[in-house]
Amino acid sequence: MKIKRKVVIGFVGSQLDSGQRTDRWEKWRPSVSLTQHDDLVIDRFELLYNGKFRDLSERVARDIATVSPETVVAIHEIPMRDAWDFEDVYGALFDFAKNYPFDTEHEDYWIHITTGTHVVQICLFLLTEARYLPGRLLQTSPPRRGGDQAGYQLIDLDLSRYDQIAQRFSSEQAEGVAFLKSGIPTRNASFNTMIEEIEKVAIKSRAPMLLMGPTGAGKSFLARRVFELKKNRHQLDGKFVELNCATVHGDGAASTLFGHIKGAFTGAASNRPGLLRSAHKGLLFLDEIGELGLNEQAMLLKALEEKRFLPVGSDDEVASDFQLIAGTNRDLGAEVLAGRFREDLYARINLWTYSLPRLAERPEDIEPNVDFQLALFAMESGEKVSFNKEARTRYMRFATSGEAVWDGNFRDLAASVTRLATLSDAGRITDAQVMDEIARLKRLWRHSAQPELNGLDLFDTMQLEAVIAVCRQSKSLSDAGRKLYAVSRNAKAKPNDADRLKKYLARFDLHWDTL
């Protein structure tokens with residue numbers, strides 16, 4: 001087992017650590033005494049101070065060097081106007097935590113809460129509980145009467161007995177949820193509930209996560225935000241690596257993911273590390289994971305379970321410890337039944353599964369996302385753009401109506417707002433421009449995924465259009481089938497709604513993935 005360096009982070013005690021004369025060695029000084037334990041070696045002490053206490057900090061550092069030459073002391077000034085002002089103290093310590101180069105793989109961090117004002121101690125607790133300070137709390141105590149050894153105690157907030165304490169502090173969770181939503185004040189209750197759970201899972205679990213949903217629903221965007229949230233909490237040291245599995249096939253897929261050695265196949269002129277190794281200590285997002293071949297699925301399962309795998313053409317395994325988020329617009333359960341996806345891999349990545357709804361299923365969230373896209377345009381272009389009153393009313397009425405198909409989901413919405421902002425005059429989007437954009441959207445959707453209805457009776461045309469509408473509002477082929485065959489399925493011993501719907505669509509040369 002690798003022995004990690006012990007690093008203490010704590011404030012110099014303006015009273016408890018004080019003393020200039022030689023009799024200071026006769027009193028208990030928490031920061032100095034901590035380095036005097038025979039059974040404990042502190043490798044580094046990050047000594048924090050505020051305002052006028054630099055001289056005291058330097059004296060404490062010299063005293064620590066006297067009793068524990070192996071302890072490196074680094075002195076940091078924490079700029080606070082008032083050490084008893086909660087907002088001031090929390091802000092200053094938060095900035096320190098955000099900028100400190102934590103190395104949790106090689107170092108253990110102990111957050112000393114015996115010294116400092118009560119407000120400082122509370123803020124250190126909150127930052128540790130929220131994982132901005134990724135360590136354990138440390139309390140020290142003077143020698144007991146008749147004893148000659150000071151005491152210390154470590155408090156691990158991950159232990160169950162601290163659950164009730166942790167539940168009292170929910171502000172950091174709210175911040176994490178807002179971060180995952182990029183600050184967009186979404187209104188859809190089920191979506192907000194899902195994001196709140198994803199925030200908890202992201203902070204507390206390293207297990208794979210599966211994001212299901214149609215193209216453009218935001219799977220890639222959400223995966224990156226999960227990575228950034230975990231990175232901010234010092235839970236990942238590596239980088240974000242992304243691959244759309246639909247873009248690679250055969251040997252190319254295996255090589256892209258697992259790497260290869262020189263000469264492994266024709267054209268392999270040099271070694272290639274592969275994306276799994278690039279994602280070491282980071283997060284790997286595999287979008288459209290259902291497009292992977294069965295061989296690559298087997299290799300991925302081994303890499304997930306053992307953290308080791310064989311590059312293409314190599315006899316020597318390599319290691320990579322990464323977290324996986326997978327994305328798909330397919331019903332992987334149905335793919336397992338059809339033999340196109342491994343059941344064991346599906347079981348491995350199906351612990352935390354979330355279905356991202358289509359934009360049309362979240363009409364109440366269209367308006368805040370329009371505002372977000374306008375703010376994004378302003379940030380990128382340097383020009384603030386807004387709707388006039390009539391234009392906004394017309395656009396929102398159309399965007400939330402049944403006429404708005406939103407085939408590409410949020411990609412369609414982002415493109416639409418970008419076009420309006422770009423064509424605006426003097427930063428104002430007019431009613432006439434909105435009418436032109438609505439006409440453009442209708443043309444795009446009419447040509448993108450509409451079946452050829454010529455030659456069909458009106459009865460068949462209306463039935464097919466209704467079926468397509470249900471499919472576009474459903475999470476999966478099976479979900480759509482259950483809705484469409486809700487009555488007749490009860491008469492069947494083993495209803496296979498997905499297969500019935502698939503065969504119906506095939507009569508018109510239609511496929512679920514293209515709707």
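**View 1. Strands S4 and S5 pair side by side in this predicted model.** Strand S4 (residues 107-112) and strand S5 (residues 136-141) run in the parallel sense, and 3 bridges link the two.

**View 2. Stepping back, S4 and S5 belong to an open sheet of 6 strands.** Reading across, the order is S3-S2-S1-S4-S5-S6, and the pairing is mixed. Which strands stand at the edges? They are strand S3 (72-77) and strand S6 (151-155); each has a single partner strand, so one side of each is left without a neighbour in the sheet. On average, neighbouring strands here are turned by 25 degrees against each other, direction ignored.

**View 3. A second open sheet is built from 5 strands with parallel pairing.** Its strand order is S8-S9-S12-S7-S13. S8 and strand S13 (352-355) are the edge strands, each pairing on one side only. From one strand to the next, the twist averages 15 degrees.

**View 4. Here we zoom in on S7 and S12 of that parallel sheet.** Strand S7 (residues 209-212) and strand S12 (residues 323-328) share 4 bridges in the parallel sense. Within this pair, you will find Met 209 opposite Ile 325 in S12. Helix H7 packs on the sheet and touches both S7 and S13. Between the direction of H7 and that of S13 the angle is about 155 degrees.

**View 5. The second largest pocket holds about 660 Å³ of space.** It is lined by 32 residues, and those closest to its centre are Ala 217, Gly 218, Lys 219, Phe 221 and Phe 410. Several elements each supply at least two lining residues: helix H7 (189-204), helix H8 (219-232), strand S8 (240-244), helix H14 (366-381) and helix H16 (410-423). Which of them gives the largest share of the lining? That is H8, with 7 residues. Sorted by class, the lining of this pocket has 12 nonpolar, 10 polar and 10 charged residues.

**View 6. Tyr 90 and Phe 94 form a stacked aromatic pair.** Their rings lie 6.3 Å apart, centre to centre, with 20 degrees between the planes. The planes count as stacked because their angle is under 30 degrees. Both residues sit in helix H3 (residues 86-99), and being 4 residues apart there, they are separated by about one helical turn. In total, the count for the model comes to 14 aromatic pairs.

How values were computed
Residues numbered from 1 in each chain as written. Predicted model: local features only at pLDDT ≥ 70, side-chain atom pairs only at ≥ 80, totals over all residues. Heavy atoms only, no water. Pairing = 2+ DSSP bridges. Axes fitted to C-alpha atoms, helices over the stretch in contact; angles between N-to-C directions. 1 Å grid on protein atoms, 1.4 Å probe; cavity = no way out; pocket = protein on both sides within 12 Å on 5 of 7 lines; lining within 4 Å. Points joined across faces, edges and corners; volume = space filled by probe spheres on them. Nonpolar A, V, L, I, M, F, W, Y, C, P; charged D, E, K, R; others polar. Phe/Tyr/Trp six-rings, centres within 6.5 Å; stacked < 30°, edge-to-face > 60°. Contact = heavy atoms within 4.5 Å.
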